[in-house]
Amino acid sequence: YGVDVTMCVGPSMLPTFNHVGDVVVMERVTPFLRSYTRGDVVIAKSPTNANQTVCKRIRGLEHDTIVLPAQSRHHSSQDIVIKVPPGHVWLEGDNCKNSTDSRYYGPVPAALVKGRVVLKIWPLWEGGFVRSISPKLEEEEIAAREAKNEKTHAAWSSIRRNQNPAHARAKIVYRDEAGGGGGKSWEKAVAAEKAVAEAAAAVAAEEAAKGPAVVGGDASDEAAGVAGAVAGGGGGASTPQEAGLPQEDAYGKKRAAELFRKNGGAEQR
């Protein structure tokens, strides 16, 4: 079937859905086409219990980078960075302080998503379309809904008292922003990063193959001797021609002698 009707139970999607009794309509076309967008409310099979389903909002898509604050997980003193793998989505409840979601069981395979919630049909006085909230607006909109529900529902205050304020919402670096544009820009950025890494590795390998320029003992002795001869010390030849060396070789050995003296070699006096 293209559509289905189900009931949402639990506090994880407050204030979008009530704690119990909300009946919603979900469509199955979006999961079939894998055309999710961030902010969609979906029904999925629980990754931890195949006999249960969960109602959550998609906050991250494949290749998005998730940063979990330290206080959002038990027994964790450092932020955790997670890359959403291909074919997965990141799910979180709107009521982040009382929701078991991807912050606990990680990215969810897209194949577990059964449908996208499009309509709330019960209670009748709260019925209407279920909108997809833009990630940039979700904080403001959810906060506004909380304020509204706190005024209209007496049970809302008691439910809030049972929440854990340390369960922070995950921070997400969206792949579009990381890539500087759409999907193609993201792919170009990844390819460019890979090319730079390969080029750096090639340069490092080439430098390692050359090895450091080390002057051996014989070369040092020869350089010192030529330096003394050129300097005229010890009655040696004072010109390259007198030393019996070609002009180019004499210049190179003279240069080697100068470098030898600068590097702490024995200087001829």
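Q: Which residues lie nearest the centre of the second largest pocket, and how many residues line this pocket?
A: In this predicted model, the second largest pocket has a lining of 18 residues, and those that lie nearest its centre are Val9, Gly10, Ser12, Val54 and Cys55. Two or more lining residues are contributed by each of the elements β1 (3-8) and β4, and β4 gives the largest share, four residues. The space in this pocket comes to about 300 Å³.

Q: What makes cysteine 55 and cysteine 96 buried or exposed?
A: The term buried is kept for residues under 20% relative accessible area. Cysteine 55 has a relative accessibility of 12% and therefore counts as buried, and cysteine 96, with a relative accessible area of 9%, is buried as well.

Q: How do you know whether arginine 57 is buried or exposed, and what does its side chain reach?
A: The relative accessibility of arginine 57 is 1%, and because the limit for buried is under 20%, this residue counts as buried. Arginine 57 belongs to strand β4, which covers residues 53-60, and its side chain reaches the backbone oxygen of glycine 39 at a distance of 2.7 Å.

Q: Why is proline 135 placed in its accessibility class?
A: Buried residues are under 20% and exposed residues over 50%, with partly exposed in between, so proline 135, at 22% relative accessibility, counts as partly exposed. Proline 135 is located in the loop between β10 and α3 (138-152), and its C-alpha atom is separated by 10.0 Å from that of threonine 37, although these two residues are 98 residues apart along the chain.

Q: What makes β5 and β11 a pair of strands?
A: Two strands pair if at least two bridges are found between them, and because β5 (residues 65-68) and β11 are joined by three bridges in the antiparallel sense, they meet this condition. Within this pairing, isoleucine 66 stands opposite isoleucine 172 in β11.

Q: Why do β6 and β11 stand at the edges of their sheet?
A: The open sheet consists of three strands in the order β6-β5-β11, with antiparallel pairing. β6 (80-83) and β11 (171-173) each have a single partner strand, so one side of each is left without a neighbour in the sheet. From one strand to the next, the twist averages 20°.

Q: How many bridges join β9 to β2 and to β3?
A: β9 (residues 113-122) pairs with β2 (residues 22-27) over five antiparallel bridges, where valine 23 stands opposite tryptophan 122. Three bridges join β9 to β3 (residues 41-45), also antiparallel, with valine 42 opposite arginine 116.

Key: Residues are numbered from 1 along each chain as its sequence is written. This is a predicted model: local features need pLDDT of at least 70, side-chain atom pairs count only at pLDDT 80 or more; totals for chains, interfaces and linings use all residues. Side-chain values use heavy atoms; hydrogens and water are left out. Buried means under 20% relative accessible area, exposed over 50%, partly exposed in between (1.4 Å probe, protein chains only). A polar contact is a pair of N or O atoms within 3.5 Å; within protein, one must be able to donate a hydrogen and the other to accept it, and residues adjacent in sequence count only if both atoms are side-chain atoms. Axes are lines fitted to C-alpha atoms, for helices over the stretch in contact, and angles run from 0 to 180 degrees between N-to-C directions. On a 1 Å grid over the protein atoms alone, a cavity is a set of points where a 1.4 Å probe fits but cannot get out, and a pocket is an open set with protein on both sides within 12 Å along at least five of seven lines; lining residues have an atom within 4 Å of a point. Grid points are joined across faces, edges and corners, and a volume is the space filled by probe spheres set on the points.
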